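Here is a friendly walk through one structure, for someone meeting it for the first time. Have a look at it, then read on.

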Amino acid sequence: MSDKVSSAIQRLWTSYSKNTPQSLQLIDAYLVFILFSGVFQFVHCVLVGTFPYNAFLAGFISTVGSFVLAANLRIQTNPDNAAEFKSISPERAFADFVFCSIVLHFFVVNFIG
Amino acid sequence: KFTSWRAFLLALLTLALVQAEGFVLSDVKIAVTTSESVRKLYESIPYPSSFDKPIQLTSGDDFKMIFVVTDKQTQKGVQPHQAFLTLTSEENGNQIPIIVRVRENGKAKVELDMKSAPNELLSSPGNHSLDLIIGAFSHNDPLKYHVGTLEVDVPIQSSGPSPVVYGPKPEIHHIFRPDEKLPPIWLSYSFMAIILIPWLFLIGAWAYIGVNVSLLANAPESALMSLIFLGTLLGIEILFYNYWTHLNIFQTLTWLAGLSIVAFITGQKALSGVQKWRSMGLR
């Protein structure tokens with residue numbers, strides 16, 4: 001039973017690394033990075049409580065927002081989805097991602113206090 | 001030659017300057033009635049001398065006084081602005097005022113009912129000096145007429161309310177909310193290290209996947225634009241860090257405006273270069 005699961009994971013991994021374009025893999029690495037950042041911040045908050053609540057919220061919302069923006073970028077730059085996004089080229093999607101990230105970082109820095 | 005309005009003005013000013021002299025009381029009468037409606041005292045007091053015998057009041061008695069206030073010069077009734085009867089205790093100096101209502105023709109009537117007397121009177125037995133004070137804005141000399149002496153005979157209330165003393169209240173010792181407890185410092189430091197681990201993962205993963213730098217070799221100018229663009233973005237992040245530490249929002253917005261213009265221009269050039277390169281099928 002467990003080796004069926006592990007072989008399925010193995011096949012998933014090889015298929016992923018072969019078939020996914022490099023740009024999407026880069027974005028996926030970024031997504032995993034953001035995810036773990038958020039998870040660690042949440043664990044810290046659970047352990048020690050929410051004393052500077054605004055700091056915790058700022059950090060956590062920053063990770064959530066960045067995750068959403070990067071996922072958006074991935075969706076929009078995926079060549080398989082090109083039919084749905086005719087008016088938004090991948091470069092435009094990337095520019096949007098950069099701009100939205102800057103705005104998000106600005107508000108997060110404001111809120112950290 | 002005087003014109004009519006000048007004469008009128010002069011008359012008005014003269015009237016304003018003229019003040020009347022003083023008051024005269026007449027027909028001063030006092031009466032004391034017990035609680036069984038038995039009149040035990042009825043006297044007429046010859047103003048300006050006072051009533052020589054002490055007026056005895058016990059609990060339940062009703063003291064009444066009537067008089068007429070007239071202007072000393074015109075001998076017509078006046079209604080003064082201020083008219084009150086004061087009871088000054090000879091023992092502790094407490095003063096209790098009773099307001100007198102004077103009608104327009106100068107006739108006045110005042111009543112002190114022991115059943116509804118103020119608490120200060122009920123708790124201070126003994127002799128009280130009874131004075132009538134009359135004053136008005138239009139008259140120069142106010143009047144203070146000593147009517148007589150009241151002997152207030154009430155049981156001594158040991159727990160009478162003490163007179164209101166105005167002074168500083170007891171000090172309030174405010175206890176500020178205790179500071180929030182912080183987690184132990186080693187925990188905070190270790191979590192700081194834990195938070196930095198995903199960065200290592202990211203750098204490693206990106207290195208493993210392989211950042212695509214063939215653009216640099218093929219199209220140097222758009223590569224330069226790309227580098228400047230990424231550098232500007234890094235500059236914006238450094239600006240945010242400075243904003244967190246020491247800048248204020250106006251300086252930040254100024255810097256941000258400048259940097260974002262640079263980022264926009266270089267980004268547009270870099271990304272259009274990438275787009276051209278992609279459409280040429282090299283990506």
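This is a predicted model: local features need pLDDT of at least 70, side-chain atom pairs count only at pLDDT 80 or more; totals for chains, interfaces and linings use all residues.

## Before we start

## Where the two chains meet

Let's begin with the interface. On one side, 32 residues of chain B make contact, and on the other, 30 residues of chain A. Together the two chains bury about 2800 Å², with 79% of that area on carbon and sulfur atoms. Three residues stand out on the chain B side: B:Phe191, B:Ile209 and B:Phe240 supply 19% of the area that chain B buries against chain A, more than any other three residues.

What kinds of residue does chain B bring to this contact? Sorted by class, its side has 24 nonpolar residues, plus four polar and four charged ones. Between chain B and chain A there are zero salt bridges, while three residue pairs across the interface are in polar contact.

## A helix to watch: H3 of chain B

Three elements of chain B give two or more residues each to the side that touches chain A: helix H3 (185-209), helix H5 (220-245) and helix H6 (249-279). Which of them gives the most? That's H3(B), with 11 residues.

H3(B) also passes a simple length check. At 1.5 Å a residue, its 25 residues should span 36 Å, and its end C-alpha atoms lie 37 Å apart, so the two values agree. Just after this helix, B:Gly210 takes a positive phi of about 95°.

The buried residues of H3(B) are B:Leu187, B:Phe191, B:Pro198, B:Leu202 and B:Ala205. And what do they pack against? Their partner is helix H2 (22-48) of chain A.

Side chains of opposite charge can pair when their charged atoms come close. Over all chains, the count comes to five salt bridges.

One of them joins A:Asp28 to A:Arg74, with the closest N and O atoms 2.4 Å apart. This pair links distant parts of the chain, since A:Asp28 sits in helix H2 of chain A and A:Arg74 in helix H3 (residues 53-77) of chain A, 46 residues apart. A:Asp28 has a relative accessible area of 12%, so it counts as buried, whereas A:Arg74, at 22%, is partly exposed.

Another salt bridge brings together A:Asp96 and A:Arg92, at 3.4 Å from N to O. Both belong to helix H4 (residues 90-112) of chain A, and because they are four residues apart, about one helical turn separates them. An α-helix has 3.6 residues a turn, so residues three or four places apart point the same way. Are these two side chains buried, partly exposed or exposed? A:Asp96 has a relative accessible area of 30%, which makes it partly exposed.

## A salt bridge in chain B

Chain B has a salt bridge between B:Lys40 and B:Asp61, whose closest N and O atoms are 2.6 Å apart. B:Lys40 lies in strand S2 (residues 39-45), and B:Asp61 in the loop between strand S3 (55-58) and strand S4 (62-71), so the pair ties together parts of chain B that are 21 residues apart in sequence.

How accessible are the two partners? B:Lys40 is partly exposed, at 39% relative accessibility, but B:Asp61 is buried, with a relative accessible area of 2%.

Conventions:
Residues are numbered from 1 along each chain as its sequence is written. Chains are lettered from A and ligands numbered from 1 in the order in which they are written. Side-chain values use heavy atoms; hydrogens and water are left out. Contact means heavy atoms within 4.5 Å. Buried area is the accessible area (1.4 Å probe) that two parts lose on being put together, summed over both. A salt bridge is a side-chain nitrogen of Lys or Arg within 4 Å of a carboxyl oxygen of Asp or Glu. A polar contact is a pair of N or O atoms within 3.5 Å; within protein, one must be able to donate a hydrogen and the other to accept it, and residues adjacent in sequence count only if both atoms are side-chain atoms. Ala, Val, Leu, Ile, Met, Phe, Trp, Tyr, Cys and Pro count as nonpolar, Asp, Glu, Lys and Arg as charged, and the others, Gly among them, as polar. The expected span of a helix is 1.5 Å times one less than its number of residues. Buried means under 20% relative accessible area, exposed over 50%, partly exposed in between (1.4 Å probe, protein chains only).
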